Amino acid sequence: MQQQLEHNKFLQIALERTDYRIRSSKTVSPSFLYAAALWPLVSERWRYYQDEHKEPVVPALVQAAHEVLEKFARHLSLQRRQSSDMREIWFMQPRFEKRSLRAIYRMFEQPRFRAAVDFLQIRAAAGEFDSVLAQWWMDLADADSDERSAMLTQLPQPSRQQRATTGMDGEAVKSKRRRRPRKRNYANRKRKAMAAQAEPTSSNTTKGSGTHE
């Protein structure tokens with residue numbers, strides 16, 4: 001029941017903001033509308049794969065998105081481009097949790113970055129995401145190049161240990177153990193060689209046959 005109320009709240013906010021954009025003579029992307037309409041289902045399956053299957057955040061979201069689109073793409077007559085745009089908006093949502101410079105610059109390059117930020121605002125208004133952090137992303141998206149640079153320089157710099165464990169883009173880095181070279185037991189090999197030389201070689205002997213008189 002609570003989950004259904006959360007879904008309804010998200011959809012209501014999405015529709016209200018869409019209506020506001022239309023009344024303000026602003027364009028509305030069909031891909032964005034479809035992404036908002038299906039997000040409650042994607043979000044539900046996203047949590048399911050994390051809780052029940054113990055999937056990491058991003059793979060769980062990818063699986064959830066694939067499952068929902070497979071089910072509804074034909075019914076909604078979604079084009080391939082629209083499905084691609086929807087995935088891009090959805091897949092950027094977990095990346096808003098972390099603010100590393102490399103990850104941010106990579107997100108700037110995404111064509112649907114601004115749409116993903118607008119989508120994030122709906123999630124924040126519905127209580128799915130921290131509102132303060134969501135506003136920071138909105139301010140960053142609205143800022144010019146100078147203001148954006150100033151905002152990024154104010155981000156806390158990761159320590160050397162954090163860079164070693166998470167990498168430049170904030171993703172976890174698996175530590176690689178250096179394999180120690182195997183020590184060769186020369187003494188043992190020498191003893192085996194000497195023992196092999198000490199063993200007598202077997203020779204085949206031919207026995208003659210005698211006759212009884």
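Ser25 sits in the loop that links helix H1 (2-23) to helix H2 (30-51). Helices here are DSSP runs of H or I with at least four residues, strands are runs of E with at least two, and both are numbered from the N terminus. Before going on, bear in mind that this is a predicted model, where local features need pLDDT of at least 70, side-chain atom pairs count only at pLDDT 80 or more, and totals for chains, interfaces and linings use all residues. Residues are numbered from 1 along each chain as its sequence is written, and side-chain values use heavy atoms, with hydrogens and water left out.

Back to the loops. Lys54 lies in the one between H2 and helix H3 (57-76).

| Residue | Phi | Relative accessible area |
|---|---|---|
| Ser25 | near 60° | 70%, exposed |
| Lys54 | about 55° | 65%, exposed |

Now for the inside. The largest nonpolar core has 25 residues, and Phe10, Trp39, Val42, Met86, Trp90 and Phe119 have the most contacts inside it. Such a core is a set of buried Ala, Val, Leu, Ile, Met, Phe, Trp, Tyr and Cys residues joined through side-chain atoms within 4.5 Å. Two or more residues each come from H1, H2, H3, helix H4 (80-91) and helix H6 (113-125), and H2 gives the most, with eight.

Who touches Trp39? Leaving aside neighbours within four places in sequence, Trp39 is in contact (heavy atoms within 4.5 Å) with residues including Phe10, Trp46, Leu61, Trp90 and Phe119.

H2 also holds Pro40, which counts as buried because its relative accessibility is 6%.

How do H3 and H4 pack? Their axes come within 11 Å and cross at roughly 150°. The axes are lines fitted to C-alpha atoms, for helices over the stretch in contact, with angles from 0 to 180 degrees between N-to-C directions. Leu61, Val62, Ala65, His66 and Leu69 of H3 meet Ser83, Met86, Arg87, Trp90 and Phe91 of H4.

Key. Buried means under 20% relative accessible area, exposed over 50%, partly exposed in between (1.4 Å probe, protein chains only).
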